[in-house]
Amino acid sequence: MHIRVGRLAVPVLVIGFAVAVTACSSAPETVKPAVSATKSASATASGSPAASPAASSSAAASSSAAPVPAGYTRVGGAAQGISIAAPTSWVAINLAKQSIQSAANSADLKGISSATLVQDMTSLQKLHGIIVFDVTSAVDGHFARNLNAYCSTSGVTEAGAAAVPMVKEEAAAEFQNLDATHITQRALDIGGVPGIETSYQVYSSSEGTIYGSQLEVLPASDKICFVTVTVGKGESDGDVVSTAAATAQFP
């Protein structure tokens with residue numbers, strides 16, 4: 001499943017990890033970057049492409065990201081293209097380093113169905129994503145609050161503030177295509193880079209109504225990053241989304 005409503009062409013688990021398979025049965029495919037009409041033809045004297053202002057501002061923003069607060073730890077890294085702060089008590093699974101089966105068999109995840117994990121992680125592994133579970137919320141088969149994060153090629157040269165209108169429009173359209181409801185969006189700096197937060201609800205036959213928030217940002221040319229937090233009915237994400245946005249870095 002891909003966003004290809006307009007100019008972006010990227011794989012995206014737009015409704016969050018726990019219900020991704022329910023809403024989108026096909027796994028992400030390899031996407032060939034589109035050629036942006038605004039692609040720069042400038043180059044340095046040596047013949048190498050000139051560094052874009054967007055890329056420079058992204059590096060500066062990452063270096064000035066908010067410090068990791070107490071009770072949180074940094075997860076993600078170069079393999080994901082993004083790192084953020086997540087609650088220390090949550091269990092992180094780095095699918096760029098761990099096999100799906102080893103993650104599913106982890107003793108720390110015994111409150112979550114192994115079969116469900118294997119199925120749902122397959123798509124995210126192809127994106128070298130990271131998943132962080134609040135396993136304490138999975139008592140008696142209850143939906144486990146979770147976070148996933150990854151980046152991919154965007155296929156466009158726009159980044160930062162220049163990309164916000166495009167991301168906002170296309171993300172909203174894709175959520176509507178997936179029958180999400182109560183979709184709201186707001187501008188939000190993510191690691192110091194202008195981006196969008198999209199909040200939504202989606203119904204799962206097995207879990208009931210799931211509530212989610214997704215951070216969407218293009219920190220550099222041909223790079224788009226997502227952080228998605230999903231919670232069950234009656235739960236709150238606390239400060240997880242806002243903390244992820246404030247502490248994001250793009251290694």
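The questions and answers below concern a predicted model, and each answer sets a computed value against the criterion that applies.

Q: Why is Asn94 called buried?
A: The relative accessibility of Asn94 is 14%, and buried means under 20%, so Asn94 counts as buried. Asn94 lies in strand 5, which covers residues 91–94.

Q: What makes Gln80 a contact of Asn94?
A: Contact means heavy atoms within 4.5 Å, and, leaving aside neighbours within four places in sequence, Asn94 is in contact with Gln80, Gly129 and Ile130. The C-alpha atoms of Asn94 and Gln80 are separated by 8.9 Å, and the two residues are 14 apart along the chain; the contact criterion, however, is applied to heavy atoms.

Q: What lies 3.0 Å from the backbone nitrogen of Ala96, and what makes the pair a polar contact?
A: A polar atom of the side chain of Asn94 lies 3.0 Å from that backbone nitrogen, and a polar contact is a pair of N or O atoms within 3.5 Å, one able to donate a hydrogen and the other to accept it.

Q: How do you know that the length of helix 5 is close to the expected one?
A: Helix 5, residues 164–177, has 14 residues and reaches 20 Å from its first C-alpha to its last, which is close to the 20 Å expected at 1.5 Å a residue. Among the buried residues of helix 5 are Val164, Met166, Val167 and Phe175, and just after the helix Asp179 takes a positive phi of about 65°.

Q: Why is strand 11 called mostly covered?
A: Nine of the nine residues of strand 11 are buried. Both faces are covered, with Lys223, Cys225, Val227, Val229 and Val231 buried on one side and Ile224, Phe226, Thr228 and Thr230 buried on the other.

Q: How do you know that strand 11 pairs with strand 7 and with strand 10?
A: Pairing requires at least two bridges; seven bridges join strand 7 to strand 11, in antiparallel fashion, and eight join strand 10 to strand 11, also antiparallel, so both pairs meet the criterion. Within these pairs, Ser152 stands opposite Ile224, while Leu215 has Val227 as its bridge partner. Strands 10 and 11 form a hairpin with two residues between them, and Asp222 in the turn has a positive phi of about 60°.

Q: Which residues touch the most other members of the largest nonpolar core?
A: In this core of 26 residues they are Ile82, Ile84, Leu147, Ile190, Leu215, Val227 and Phe250. Strand 10, strand 11 and helix 6 are among the elements that each supply at least two residues of this core.

Note on methods: Residues numbered from 1 in each chain as written. Predicted model: local features only at pLDDT ≥ 70, side-chain atom pairs only at ≥ 80, totals over all residues. Heavy atoms only, no water. Helix = DSSP H or I, 4+ residues; strand = E, 2+ residues; numbered from the N terminus. Expected span 1.5 Å × (residues − 1). Buried < 20%, exposed > 50% of the residue type's maximum accessible area, 1.4 Å probe, protein only. Core = buried A, V, L, I, M, F, W, Y, C linked by side-chain atoms within 4.5 Å.
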